[in-house]
Amino acid sequence: MVRLDRIPQSDMGGLYSIRKGAVVLSKPNVLLISTDHWPAGLFGTAGHPVIHTPTLDTLAQSGVRFPRAYSECPVCIPARRTLMTGLSPRGHGDRVFKVDEPMPQVPTVAQTFRNAGYQAYAVGKLHVYPQRDRIGFDDVVLLEEGRPHLGAIDDYELFLADNGYAGEAFAHGMSNNEYAQRPWHLPEAMHPTNWTTQQMARTIKRRDPTKPGFWYLSYCHPHPPLAPLQCYLDLYRDEDPGVPYVGDWAADVTELPYALRTVQGKFATMNDSQIAWAIRAFYALCTHIDHQLRIVIGTLREEGILDNTIILFTADHGDMLGTHGLWAKRLFYEQSANVPMILLGAAGDDRVGHHRIDDRLVGWQDIMPTLLDLAGIDIPESVEGVSMVAGEGRSYLYGETGEDGQASRMMHDGRYKLIYYPVGNRVHLFDLVDDPAERYDLSGSREHNEIRGRLSRKLMDQLYGGDEAWIKDGMLAGLPDQDYLPTPNRGLSGQRGTHNPMPASGSDVSYVP
């Protein structure tokens with residue numbers, strides 16, 4: 001039998017030592033937490049008057065919050081490719097939503113940590129193709145939100161079957177991309193948020209104590225379906241979520257850019273009661289995650305590794321939640337593109353500190369280099385992002401989504417944000433210091449002509465892949481406008497059915513993110 005305390009430090013790869021019979025790691029653990037559809041302003045600490053987020057409020061005070069954090073492409077798959085590679089949408093090749101596009105052949109954040117001697121595990125939503133591609137992780141405990149037709153049965157569906165609820169994940173009847181709501185239909189322990197939490201806690205407990213850990217905890221909510229636990233829905237039953245505000249530029253829906261008309265038209269039939277209950281259910285899903293995070297933090301604490309763990313909480317994008325008459329994502333307004341970014345360093349790491357707010361402009365491409373920098377690991381040359389704890393940050397951030405009539409582009413300088421719609425050649429300009437709610441479009445203001453021109457030129461410098469055709473004589477000219485015509489929604493925005501038996505793999509099923 002070999003006693004660890006008699007093994008020379010050089011034989012341990014420099015990753016740990018033995019002190020008084022205990023394993024002491026030389027590098028910090030890293031816990032990366034992602035949610036889906038969580039706007040940056042949905043925290044008590046951000047000043048929200050209704051939402052209950054006691055856990056995240058405390059974590060924000062224990063580290064640094066970046067209120068100017070953005071998703072470069074605010075839709076699930078492209079955003080997650082950015083998170084895992086440190087690349088912009090242009091760099092990783094998806095600004096649309098390529099369901100069956102493999103990851104680019106560059107080092108992922110998981111593989112980079114593993115190359116440095118880390119163990120790397122993911123739990124929850126990964127959203128890659130093939131679905132069981134581990135993209136550099138040692139293993140992935142998968143929750144795919146009901147997409148078996150792409151070729152994989154996820155671990156959450158197997159868990160339900162093992163507990164006597166085979167195929168019932170979506171028996172509540174709520175759509176993954178709409179805002180009807182009802183309480184969760186199965187026992188609390190069967191809820192995907194509870195399952196994801198328990199799987200991560202178990203993964204941490206089963207770690208190799210001689211290696212630092214990189215853990216990716218990926219919740220699928222508050223992304224619809226809106227089926228929260230009854231207890232969390234009750235928490236907001238008597239709360240007034242308020243009426244979503246509408247900016248002056250959005251008051252007349254007939255004057256909206258074509259891309260916005262298609263979004264507004266899809267949800268135009270929701271009445272005030274439906275809107276209020278949709279928002280309550282959404283908040284309930286957020287608070288459920290907030291409370292479940294306490295179990296993960298508690299596991300780190302009881303395992304004696306909390307102080308040596310870097311924690312970052314974020315979301316792939318937000319949700320408009322009725323603001324300006326709009327819902328969901330794929331938009332560059334604050335509710336959709338501005339995402340949470342809460343960072344805690346290992347205890348005593350002054351590069352992060354605590355009780356701090358950092359107003360620098362940051363993006364999802366910056367998460368990978370930030371975590372590697374804090375862990376003392378070399379950042380791969382392929383990475384485009386920059387560490388949020390080193391240097392002065394960036395002066396501009398470019399965003400892009402879509403390549404058809406829904407296309408939009410963003411240029412942001414930290415205060416002013418320009419949003420461009422090529423169809424109809426429409427521009428919106430906002431001053432986020434004086435008008436953080438984006439109520440007033442300044443694109444027609446003479447006083448802001450210089451700012452509009454400067455941001456437009458910066459945006460034109462970034463165009464590629466056919467977007468260059470939007471430029472004429474050095475100016476944005478865009479494409480001809482289109483008339484908005486409602487389209488049928490026979491599939492109820494990607495409605496899932498019974499999954500017992502599972503739908504046939506490879507079946508011709510349209511999928512809405």
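## Worked exercises on helices, strands and rings

H1 and H9 are oblique to each other. The model you have open is a predicted one, so let's work through it a step at a time.

**Exercise 1. At what angle do the axes of H1 and H9 cross, and which residues make the contact?**

*Solution.* 
- Step 1: Find helix H1 at residues 54-61 and helix H9 at residues 272-302; their axes come within 7 Å and cross at roughly 60°.
- Step 2: Angles of 65 to 115 degrees count as roughly perpendicular and those under 35 degrees as roughly parallel.
- Step 3: On the H1 side, the contact is made by Pro54, Thr55 and Leu56, and on the H9 side by Asp290, His291, Leu293 and Arg294.
- Step 4: Sorted by class, this contact of H1 with H9 has three nonpolar, two polar and two charged residues.

**Exercise 2. Is strand S9 buried or exposed, and which strands pair with S9?**

*Solution.* 
- Step 1: A residue counts as buried under 20% relative accessible area. In S9 (residues 309-315), seven of the seven residues are buried, so the strand is largely enclosed by the rest of the structure.
- Step 2: Now look at the two faces. Thr309, Ile311, Phe313 and Ala315 point one way, while Ile310, Leu312 and Thr314 point the other way, and all are buried.
- Step 3: Strand S3 (residues 29-36) pairs with S9 in the parallel sense over seven bridges. Leu32 has Leu312 as its bridge partner in S9.
- Step 4: Strand S10 (residues 341-344) pairs with S9 in the antiparallel sense over four bridges. Here Phe313 has Ile342 as its bridge partner in S10.

**Exercise 3. What is the strand order in the open sheet of four strands, and which helix lies across S13, S14, S15 and S16?**

*Solution.* 
- Step 1: The order is S13-S14-S15-S16, with antiparallel pairing.
- Step 2: S13 (397-401) and S16 (426-431) stand at the edges with a single partner strand each, so one side of each has no neighbour in the sheet.
- Step 3: On average, and with direction ignored, neighbouring strands of this sheet are turned by 15° against each other.
- Step 4: Met410 has Ile419 as its bridge partner in S15.
- Step 5: Helix H12 (residues 449-462) lies across S13, S14, S15 and S16 and runs at about 55° to S15.

**Exercise 4. How are the aromatic pairs Tyr333 with Phe430 and Tyr420 with Trp470 arranged?**

*Solution.* 
- Step 1: A pair of aromatic rings is described by the distance of the centres and the angle of the planes. A search of the whole structure finds 18 aromatic pairs.
- Step 2: Tyr333 and Phe430 are 6.0 Å centre to centre with 75° between the planes, an edge-to-face pair.
- Step 3: Tyr333 sits in the loop between S9 and helix H10 (334-337) and Phe430 in strand S16, so the pair links distant parts of the chain, 97 residues apart. Tyr333 is buried, at 0% relative accessible area, and Phe430 counts as buried at 0% too.
- Step 4: Tyr420 and Trp470 are 6.0 Å centre to centre with 55° between the planes, a tilted pair.
- Step 5: This pair links Tyr420 in strand S15 to Trp470 in the loop between H12 and strand S17 (471-472), 50 residues apart. Tyr420 is buried at 0% relative accessible area, and Trp470 counts as buried at 6%.

Technical notes. Residues numbered from 1 in each chain as written. Predicted model: local features only at pLDDT ≥ 70, side-chain atom pairs only at ≥ 80, totals over all residues. Heavy atoms only, no water. Axes fitted to C-alpha atoms, helices over the stretch in contact; angles between N-to-C directions. Helix = DSSP H or I, 4+ residues; strand = E, 2+ residues; numbered from the N terminus. Parallel < 35°, antiparallel > 145°, perpendicular 65-115°, else oblique. Contact = heavy atoms within 4.5 Å. Nonpolar A, V, L, I, M, F, W, Y, C, P; charged D, E, K, R; others polar. Pairing = 2+ DSSP bridges. Buried < 20%, exposed > 50% of the residue type's maximum accessible area, 1.4 Å probe, protein only. Phe/Tyr/Trp six-rings, centres within 6.5 Å; stacked < 30°, edge-to-face > 60°.
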